[in-house]
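Subject: The structure I promised you

Hi,

Here is the structure we talked about.

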Amino acid sequence: IGKEGRNIKTLEMITGVDIIIGDTPNSIVISSFNLYRRAIATKTLQLLIEDGRIQPARIEDIFQKVSDEFENSILAEGEEIIANLGLGYMNPELIKLVGKLRYRASYGQNALAHTLEVANLAGLIASQLGGDTIMARRAGLMHDIGKALTHDVKGSHVDIGASVCKKFGEPEIVINAIYA
């Protein structure tokens, strides 16, 4: 905990989550609506406890290491998804957002799982109707991309998603799918 709770305060400030040390032995509650921040904070805390050297400077170092690992992980996952769907080139920033959807839930469902279902179903429907299956999968994948940013950017996920896709040069049909 540190003198006067300084380690907990540092961890909360750096990670953006609430740390609750209750009366239950060996339990710590990490509270945040942002699943991405919560996952980073959990891993940071695990590494700090394993290491045993818990002090503000060490908290910052471990947090940065874990954050970098998560950034690399979401990019790698996004790249794998884009490749598996056969979507071709996509801006790396959008690819990161695709990977980041793993850490977002909506109505109790994981946003990445939902988005992949929509992308695959859109591609299937397009193939049965003689449409562009790749564009349909791309539009299905991007339709909720704004949800990856709703904890950080004000506005509806639809407006955020359309804006970010326009910024990174997604086709107009994808923008339309987001609005639809």
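Start at asparagine 91, which caps the N-terminal end of α4 in this predicted model. One of its side-chain oxygens lies 2.8 Å from the backbone nitrogen of glutamate 93.

Before going on, some housekeeping. Residues are numbered from 1 along each chain as its sequence is written, and side-chain values use heavy atoms, with hydrogens and water left out. As the model is predicted, local features need pLDDT of at least 70 and side-chain atom pairs count only at pLDDT 80 or more, while totals for chains, interfaces and linings use all residues.

Now the helix itself. In α4, the residues Leu94, Ile95, Leu97, Val98, Gly99 and Lys100 are buried (under 20% relative accessible area; exposed is over 50% and partly exposed is in between, with a 1.4 Å probe and protein chains only). Their cover includes α2 (35–51), α3, α5, α6 and α7.

What about the chain as a whole? It has eight helices and four strands, in the order α-β-β-α-α-α-β-β-α-α-α-α from the N terminus. Both kinds of element are DSSP runs numbered from the N terminus: helices are H or I with at least four residues, strands are E with at least two. The C-alpha atoms fill a box of roughly 65 × 30 × 25 Å along the principal axes, and 40% of the 180 residues are buried.

In soluble globular proteins, nonpolar side chains tend to be buried together. Here the largest nonpolar core has 26 residues; a core is a set of buried Ala, Val, Leu, Ile, Met, Phe, Trp, Tyr and Cys residues joined through side-chain atoms within 4.5 Å. Val98, Leu141, Met142, Ile145 and Cys165 touch the most other members. Elements giving two or more residues to this core are α3 (56–85), α4 (92–100), α5 (111–128), α6 (133–142), α7 (157–167) and α8 (172–179). There is also a second, separate core of 18 residues, including Ile19, Leu45, Phe63 and Phe70.

Not counting residues up to four places away in sequence, Met142 touches Met90, Leu94, Val98, Cys165, Glu170, Val174 and Ile178, where a contact means heavy atoms within 4.5 Å.

Next, a lysine to click on: is lysine 147 buried or exposed? Lysine 147 is buried, because its relative accessible area is 10%. You'll find lysine 147 in the loop between α6 and α7. Leaving aside neighbours within four places in sequence, lysine 147 is in contact with Leu101, Arg104, Ser106 and His157. Its side chain makes a polar contact with that of serine 106, at 2.9 Å. Serine 106 is in strand β3 and counts as buried because its relative accessible area is 16%.

Tyrosine 107 counts as exposed because its relative accessible area is 86%. Tyrosine 107 also has a positive phi of about 50 degrees, although it is not a glycine.

Methods:
A polar contact is a pair of N or O atoms within 3.5 Å; within protein, one must be able to donate a hydrogen and the other to accept it, and residues adjacent in sequence count only if both atoms are side-chain atoms.
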